[in-house]
Amino acid sequence: LWKAFWAWDELGPYVEVVVVFALYLIAASCLLRFRWWRTLLVTAAAAADAAAPVPQIVRIIRRRDAAGVSAFTILLRLAGGVVGARLGARPR
């Protein structure tokens, strides 16, 4: 997939991707000046982070087996949640 992404046959699609990405970055940097936008982004990021383990939980419940889930992964999720709640999940 990575090699296919960079295999541009023509210059047009490449320029289009670069221009759209640049416009997106400009719009995002302009919107970051507004407190409501930062709050919305933090809320969306926290919701995505909270929802990330849901597919794994559903799989464990359906199989009634937690094989393949390492204790290290669980500890990382717990540590990330604690640090995110303490430091990262509040707009200034």
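**Aromatic cluster and nonpolar patch in a predicted model**

Phe34, Trp36 and Trp37 are linked into a cluster by ring pairs. The model is predicted: local features need pLDDT of at least 70, side-chain atom pairs count only at pLDDT 80 or more, and totals for chains, interfaces and linings use all residues. Residues are numbered from 1 along each chain as its sequence is written, and side-chain values use heavy atoms, with hydrogens and water left out.

Two aromatic pairs are present in the structure (rings of Phe, Tyr and Trp, the last by its six-membered ring, with centres within 6.5 Å; planes under 30 degrees apart count as stacked, over 60 as edge-to-face and the rest as tilted). Trp36 and Trp37 make an edge-to-face pair, with 5.8 Å from centre to centre and 80 degrees between the planes. Trp36 is exposed, at 53% relative accessible area, while Trp37 is partly exposed, at 22% (buried is under 20%, exposed over 50%, partly exposed in between, with a 1.4 Å probe and protein chains only).

Trp6, Leu11, Tyr14, Val15, Val18, Val19, Leu23 and Ile26 make a nonpolar surface patch of about 760 Å² (residues with over 30% relative accessible area and no salt bridge, nonpolar side chains being joined within 5 Å; a salt bridge is a Lys or Arg side-chain nitrogen within 4 Å of an Asp or Glu carboxyl oxygen). Leu11 lies in helix α2 (helices are DSSP runs of H or I, at least four residues, numbered from the N terminus) and is exposed, with a relative accessible area of 61%.

The protein chain has a mean pLDDT of 79, and 88% of its residues reach 70 or more (pLDDT is the predictor's confidence in each residue, from 0 to 100). Among the elements, the mean is highest for helix α2 (residues 11-31), at 88, and lowest for helix α1 (residues 2-5), at 68.

Methods
Helices (H or I, at least four residues) and strands (E, at least two) are DSSP runs, numbered from the N terminus. Patches are made of residues with over 30% relative accessible area and no salt bridge: like charges are joined within 9 Å, nonpolar side chains (Val, Leu, Ile, Met, Phe, Trp, Tyr) within 5 Å. Accessible areas come from the Shrake-Rupley method with a 1.4 Å probe; for residues, only the protein chains shown count as cover.
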